[in-house]
Amino acid sequence: MHSIVIFPGTFDPITHGHRDLIERTSRLFDKVIVGIAENKRKSPFFSLADRVKMAKEVLLNMKNIEVLGFNNLLMDFAKEKGATAIIRGLRVVSDFEYEFQLATMNRRLNAEVETLFLTPAEKYSFLSSSLVREIASLKGDVTPFVHETVVRMLTEKFLE
């Protein structure tokens with residue numbers, strides 16, 4: 001059986017914490033699709049094209065990873081791609097309530113796709129894309145938290 005999982009998110013921008021979870025997921029499934037949601041509701045800082053570009057560069061050396069943008073319902077995207085599971089990261093306990101609601105709704109929409117939760121490595125448990133953007137906006141050093149490609153793109157964006 002060829003197992004396909006989707007790791008969905010906004011990835012605005014992709015962080016070392018995301019990469020850690022994606023790398024660990026890649027050891028559990030034959031193929032990991034990093035599904036980057038357009039998510040206009042969140043008003044992303046980076047365009048979908050830029051977020052896809054960043055993720056592709058950050059994940060370049062991983063063999064069983066595919067990075068795709070999407071703008072439809074996650075469960076429809078999962079069906080299109082033949083995925084049997086969704087991976088969601090839980091950093092802190094407060095993430096669980098929201099993620100539990102999403103998982104329950106997704107199960108109602110498509111009971112054939114399971115939602116699995118992973119926790120990040122302890123050193124990334126505090127890390128979020130919004131914190132990275134805030135630090136970068138104030139000219140702080142984000143190199144410990146994101147790939148050099150992301151550092152460059154954040155720097156360029158804040159110079160605009």
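In the predicted model, R24 and D20 are both part of helix α1 and stand four residues apart, about one turn of the helix. An α-helix has 3.6 residues a turn, so residues three or four places apart point the same way. The side chains of R24 and D20 form a salt bridge, with 3.0 Å between the closest N and O atoms. The two partners fall into separate accessibility classes: R24 has a relative accessibility of 23% and counts as partly exposed, whereas D20, at 15%, counts as buried. The division follows from the cut-off, because buried means under 20% relative accessible area.

A second pair in helix α1, which covers residues 16-26, consists of E23 and R19, again four residues apart, about one turn of the helix. Their side chains meet in a salt bridge with an N to O distance of 3.0 Å. E23 is partly exposed at 35% relative accessibility, and R19 is also partly exposed, with a relative accessible area of 22%.

A further salt bridge joins the side chains of E99 and R88, at 2.8 Å from N to O. E99 belongs to helix α4 (residues 93-109) and R88 to strand β4 (residues 85-89), so this pair ties together parts that are eleven residues apart in sequence. Both partners count as buried, E99 at 7% relative accessibility and R88 at 19%. R88 is placed in the buried class because its value is under the 20% limit.

Helix α4, which contributes E99 to this pair, has 17 residues. From its first C-alpha to its last, α4 reaches 25 Å, close to the 24 Å expected at 1.5 Å a residue. The buried residues of the helix are D95, E99, A103 and N106. These buried residues of α4 pack against α3 (74-81), β4 and β5 (114-118). Strand β4 is thus one of the elements that the buried residues of α4 pack against, and it also holds R88, the salt-bridge partner of E99.

Salt bridges in the model also include a network that links E57, R152 and E156. Side chains of opposite charge can pair when their charged atoms come close. With a side-chain nitrogen of Lys or Arg required within 4 Å of a carboxyl oxygen of Asp or Glu, the count comes to seven salt bridges. Among them are the R24 and D20 pair, the E23 and R19 pair and the E99 and R88 pair.

Notes: Residues numbered from 1 in each chain as written. Predicted model: local features only at pLDDT ≥ 70, side-chain atom pairs only at ≥ 80, totals over all residues. Heavy atoms only, no water. Helix = DSSP H or I, 4+ residues; strand = E, 2+ residues; numbered from the N terminus. Buried < 20%, exposed > 50% of the residue type's maximum accessible area, 1.4 Å probe, protein only. Expected span 1.5 Å × (residues − 1). Contact = heavy atoms within 4.5 Å.
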